[in-house]
Amino acid sequence: MRYAKMITITILGVFATAPFAAQGQTTKDKIENSMEQMKDKAKSSAEEAKTAISDSWVTSKTKIALFSDERVKGTQVSVDTKNGVVYLRGKVDSDEAKQAATEVTQSIEGARSVKNDLQVVAPTARKVVDANDKDIAKMVESRMTQDTHLKKVDVRADGGVVTLTGEVPSITAAAKASEMARGVPGVKAVKNELTVRQANK
């Protein structure tokens, strides 16, 4: 009789501890699953940030390249990048300029594809400005001084081609300098030789 009681207690003991072991296992699994999910979220966030940084870098590099190319005649060009796809909008002088814009953009590192929505507007309606280099340089310098990040940019003009030298805080500021200089009447192209203090790619 005593032997039978011992067997019963032992069996009950096994059944009593089994749910606790299973529960412990389930809690452990939950913690592991939760940690895996957190890792995946962190990885996803890091990839999104990397994409965002890359997109802004591609946009800035594209602007600098477009404004330095004499074939892309047109100052009203806007550039936007989403997941490596570069969108070009605005107005250019000819079909050749539109095609050149596509070629320039395709050569940019990180540009996966180009969506060229540039409109061709003949320059007949535009007033041709025949400004001399001294006046061009003065006008570009005047624009640069309006931006705190671009006040120390040096400007030279030769035959309507503006060269920018000096130091800027970011690639975005360098792109903005090219854009501002190209918007000055009489400027044919902008050579951007600016150095970026901390290169953010």
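Helices and strands are DSSP runs here, with helices (H or I) of at least four residues, strands (E) of at least two, and numbering that starts at the N terminus. Keep in mind that this is a predicted model.

**View 1. Asn192 sits in strand β6, which covers residues 189–196.**
Is this residue buried or exposed? Asn192 has a relative accessible area of 18%, and since buried means under 20%, it counts as buried. Its side chain makes a polar contact with the side chain of Ser178 at 2.8 Å. The side chain of Asn192 also reaches the backbone nitrogen of Leu194, at 3.1 Å. Setting aside neighbours within four places in sequence, Asn192 is in contact with Ile64, Leu164, Ala174 and Ser178.

**View 2. Three strands make an open sheet in the order β4-β5-β6.**
The pairing in this sheet is mixed. β4 and β6 stand at the edges with a single partner strand each, so one side of each has no neighbour in the sheet. On average, neighbouring strands are turned by 15° against each other, direction ignored. Look at β4 and β5 together: they run antiparallel and are joined by five bridges. Asp158 has Val161, in β5, as its bridge partner.

**View 3. Two helices lie across the strands of this sheet: α3 across β4 and β5, and α4 across β5 and β6.**
How do they run? α3 makes an angle of about 155° with β4, and α4 runs at about 155° to β6.

**View 4. Helix α3 spans residues 133–144, twelve residues in total.**
From the first C-alpha to the last, α3 reaches 16 Å, close to the 16 Å expected at 1.5 Å a residue. Which of its residues are buried? They are Ile136, Ala137, Val140 and Met144. These residues cover an arc of only 95° around the axis, which puts them on the same side of α3. Turn to the other side of α3 and you find Lys134 and Lys138, both exposed. The buried residues of the helix pack against β4 (154–158), β5 (161–168) and α4 (171–182).

**View 5. Side chains alternate along strand β1, residues 76–82.**
In a regular strand, side chains alternate between the two faces of the sheet. In β1, Val77, Val79 and Thr81 point to one face and are buried.

**View 6. β1 pairs with strand β2 (residues 85–92) in the antiparallel sense, over seven bridges.**
Strands of a sheet pair through backbone hydrogen bonds, either parallel or antiparallel. Here Val77 stands opposite Gly90 in β2. The hairpin of β1 and β2 has two residues between the strands, and Asn83 takes a positive phi near 50° in it.

**View 7. Gln76, found in strand β1, is partly exposed.**
Its relative accessible area is 48%. What does Gln76 touch, not counting residues up to four places away in sequence? Its contacts are Arg89, Gly90 and Lys91. Gln76 and Arg89 are 13 residues apart along the chain, with their C-alpha atoms separated by 8.2 Å.

Conventions
Residues numbered from 1 in each chain as written. Predicted model: local features only at pLDDT ≥ 70, side-chain atom pairs only at ≥ 80, totals over all residues. Heavy atoms only, no water. Expected span 1.5 Å × (residues − 1). Buried < 20%, exposed > 50% of the residue type's maximum accessible area, 1.4 Å probe, protein only. Arc of directions from axis to C-beta. Contact = heavy atoms within 4.5 Å. Polar contact = N/O pair within 3.5 Å; in protein donor to acceptor, adjacent residues only side chain to side chain. Pairing = 2+ DSSP bridges. Axes fitted to C-alpha atoms, helices over the stretch in contact; angles between N-to-C directions.
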